Amino acid sequence: MARILVVDDQHLIRSGIVTLLRTVEGLGPVVEASDGVEAVAAAREHRPDLILMDIKMPRLSGLAAAERILALGLDPAPRIVVLTTFDDDEFVYAALRAGCSGFLLKDMPPQQLLSAVTATLSADLLVAPAHVRRLIERHAVHPQRSRTETDSTSLLTGREVEVLGFVAEGLANEEIAGHMCVSESTVKTHLHRVMTKLNLHSRAQAVVFAYETGIAQVGGRPVRPDAPDA
């Protein structure tokens with residue numbers, strides 16, 4: 001049963017989401033926090049599977065809290081979805097870059113919110129690939145990763161680079177397996193190694209990383225030729 005943490009400094013919004021989630025059969029306990037500082041403490045104590053986090057809060061923002069929570073090294077790491085009242089590309093991109101799995105508007109219909117929660121628990125990506133590419137075009141035209149982060153791609157094998165490129169295109173594991181003529185379990189193994197080597201926390205973050213380091217490009221997916229195949 002999935003454990004969920006809801007974080008929002010506005011009591012009415014937070015309690016409304018908590019009450020809604022507690023009506024769903026099959027979900028585990030739903031706990032709440034009123035700001036980013038409380039969110040980090042609650043994540044450490046309750047080890048939630050999913051965190052719905054407001055992006056603008058006193059004391060510690062949602063993005064800063066997400067980074068601290070992911071840095072705790074919880075196993076398994078929680079999937080974090082950022083909540084906001086408006087659709088702002090910069091905040092969406094920053095959330096994905098920090099390791100969040102998606103982005104939701106607070107004013108979305110209740111049933112849509114519940115569907116999004118279910119999707120995130122099972123799919124690890126709550127942003128459509130087309131939307132990710134639009135964000136990339138606006139924010140990752142010029143690489144933003146540090147030299148150290150960019151050089152870390154040398155740790156990847158040729159197969160791992162190929163898998164990461166397909167992920168950046170928005171392909172599901174089953175589709176990647178078909179393109180590479182391997183089993184889906186093999187794709188999952190390669191992707192797990194990519195995430196571990198690059199210290200990535202979500203599939204969405206892997207997409208951002210691929211574009212910012214040049215492994216993938218808008219309109220094409222170059223694969224580094226000098227990477228070993230193993």
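Predicted model: local features only at pLDDT ≥ 70, side-chain atom pairs only at ≥ 80, totals over all residues.
Local features are taken at pLDDT of at least 70 and side-chain atom pairs at pLDDT 80 or more, while totals for chains, interfaces and linings use all residues. Residues are numbered from 1 along each chain as its sequence is written, and side-chain values use heavy atoms, without hydrogens and water.

**Exercise 1. State how many helices and strands the chain has, and what percentage of its residues is buried.**

Step 1. Helices (H or I, at least four residues) and strands (E, at least two) are DSSP runs numbered from the N terminus. The chain has 11 helices and 5 strands.

Step 2. Buried means under 20% relative accessible area, exposed over 50%, and partly exposed in between, with a 1.4 Å probe and protein chains only. Of the 230 residues in the chain, 48% are buried.

**Exercise 2. Classify the angle between helix α2 and helix α3, and name the residues in contact.**

Step 1. Axes are lines fitted to C-alpha atoms, for helices over the stretch in contact, and angles run from 0 to 180 degrees between N-to-C directions. The axes of α2 (residues 36-46) and α3 (residues 62-70) come within 9 Å and cross at roughly 20°.

Step 2. Angles under 35 degrees count as roughly parallel, over 145 as roughly antiparallel, 65 to 115 as roughly perpendicular, and the rest as oblique. Helix α2 is therefore roughly parallel to α3.

Step 3. Contact means heavy atoms within 4.5 Å. Helix α2 contributes Gly36, Ala39, Val40 and Ala43, and α3 contributes Ala65, Arg68 and Ile69.

**Exercise 3. Classify the angle between helix α8 and helix α11, and name the residues that meet.**

Step 1. The axes of α8 (residues 158-168) and α11 (residues 203-212) lie 9 Å apart, at an angle of about 105°.

Step 2. This angle makes α8 roughly perpendicular to α11.

Step 3. From α8, Leu164, Val167 and Ala168 meet Arg203, Ala206, Val207, Phe209, Ala210 and Tyr211 of α11.

**Exercise 4. Describe the surroundings of histidine 190.**

Step 1. Histidine 190 lies in helix α10 (residues 184-198).

Step 2. With a relative accessible area of 10%, histidine 190 is buried.

Step 3. Leaving aside neighbours within four places in sequence, histidine 190 contacts Arg159, Glu160 and Val163.
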